[in-house]
Amino acid sequence: MTSGAEPQTVLLPRGAALFDRIDYRLIETPEDRDNLYLMRYRAYLHAGLIEPSESRRVTDRFDDAPNTWNFGVYVDGELCSSVRIHVLTSDWRMSYTTEVFGDVLHPRLDRGEVLIDPCRFVADPEKHQRFPELPYLTVRLAFVACDHFNADTGLAMIRTDHQAFYRRVFLHEAISPEPRGFPGWPTKKAVLMASDFRNQREKVLTRFPIMRSSAFERRMLFQRSSPRQAAPRPVSLATQWTPDVAASATGSAR
């Protein structure tokens, strides 16, 4: 879920320059997890989505789900933003999105579709002001996940006021009949958006070439040795789509 991180304008050449300074890191150690939960708290509090709490942290039961990858986006070694990626299949349905919009998603999963569900998209309030390109570089991970897991559909359960960003970047359209309440956010409602990844992929890449990834980057980001982190579905690394370019030259797979 977004935290008020959408920019008004972004110059893509500037975004490409920042791309050379970022690392995508899997959040695994206790210290990294604590920093992530603190950043979530600051972002949600700044956006007026939650009330102050003594713990000053935001986490939930899905942070440890077997179909979950929590990533931090680091600029020059500093944690600046994060997104949680869920891979949803007929066997792996754990997500707030399937809880809130189960009537929409469970029939798709019953048919065997693979859905990529990014959520908990947050940006450090101060760092977002310094790096307005962060939303593009953060949600890029959802696009990379769609490639890696050979997904049918990319999802976005987002605040109603952020629909324009996802429509513009990923060509998403709303697929929920109406906005619905999200657990823990009493003042906001969420809408479910989606795009047909296979049919929209090339259009997105034409508009935003920075979304491209290499097979090497995808393996480094999503292949795991731990049972909890095992991919819910065999991945197709030798993709039949356009040749991999660009992203393998960055440090983003660390």
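Contact here means heavy atoms within 4.5 Å. I am working with a predicted model.

**Entry 1: Phe222 and the cores**

I looked up what Phe222 touches, leaving aside its neighbours within four places in sequence. Phe222 is in contact with Trp69, Phe71, Ile85, Leu141, Val144, Ala145, His148 and Phe149. I then looked up the largest nonpolar core, which has 45 residues. Ile85, Tyr166 and Phe222 touch the most other members of that core. Helix H6 gives the largest share, 10 residues.

**Entry 2: aromatic pairs**

I searched the whole structure for aromatic pairs and got 12. I took Phe143 and Phe170 as my example: their ring centres are 6.3 Å apart and their planes are at 10°. Planes under 30 degrees apart count as stacked, so this pair is stacked. Phe143 lies in helix H6 (residues 134-148), while Phe170 lies in helix H7 (residues 163-170). The pair therefore ties together parts that are 27 residues apart in sequence.

Tyr166 and Phe170 are 4 residues apart in helix H7, so about one helical turn separates them. Tyr166 is buried, with a relative accessible area of 5%.

I wrote down one aromatic cluster, formed by Tyr136, Phe143, Phe165, Tyr166, Phe170, Phe197 and Phe208.

**Entry 3: helix H7**

Which residues of H7 are buried? I listed Gln163, Phe165, Tyr166, Val169 and Phe170. Seen down the axis of H7, these buried residues fall within an arc of 160°, so they line one face of the helix. I recalled a general point: an α-helix has 3.6 residues a turn, so residues three or four places apart point the same way.

I then looked up what covers the buried residues of H7. The cover includes strand E4 (115-123), H6, E5, E6, E8 and helix H8 (197-207). Just after H7, Leu171 takes a positive phi of about 60°.

**Entry 4: strand E8 and its partners**

I looked up the strands joined to strand E8 (residues 185-196). Strand E5 (residues 153-159) runs antiparallel to E8, and 7 bridges join the two. Met157 in this pairing has Leu192 as its bridge partner in E8.

Strand E6 (residues 173-174) is joined to E8 by 2 bridges and runs antiparallel to it. Here Ala174 stands opposite Met193.

Strand E7 (residues 180-182) has 3 bridges to E8, and these two strands run antiparallel. Arg180 stands opposite Ala190 in E8. How many residues lie between E7 and E8 in their hairpin? I found 2, and Gly184 in the turn has a positive phi of about 90°.

**Entry 5: a charge over a ring**

Last, I looked up Arg25 and Tyr74. The charged end of Arg25 sits over the ring of Tyr74, 4.1 Å from the ring centre.

Conventions
Residues numbered from 1 in each chain as written. Predicted model: local features only at pLDDT ≥ 70, side-chain atom pairs only at ≥ 80, totals over all residues. Heavy atoms only, no water. Phe/Tyr/Trp six-rings, centres within 6.5 Å; stacked < 30°, edge-to-face > 60°. Buried < 20%, exposed > 50% of the residue type's maximum accessible area, 1.4 Å probe, protein only. Lys NZ or Arg CZ within 6 Å of the ring centre and 35° of its normal. Pairing = 2+ DSSP bridges. Core = buried A, V, L, I, M, F, W, Y, C linked by side-chain atoms within 4.5 Å. Arc of directions from axis to C-beta.
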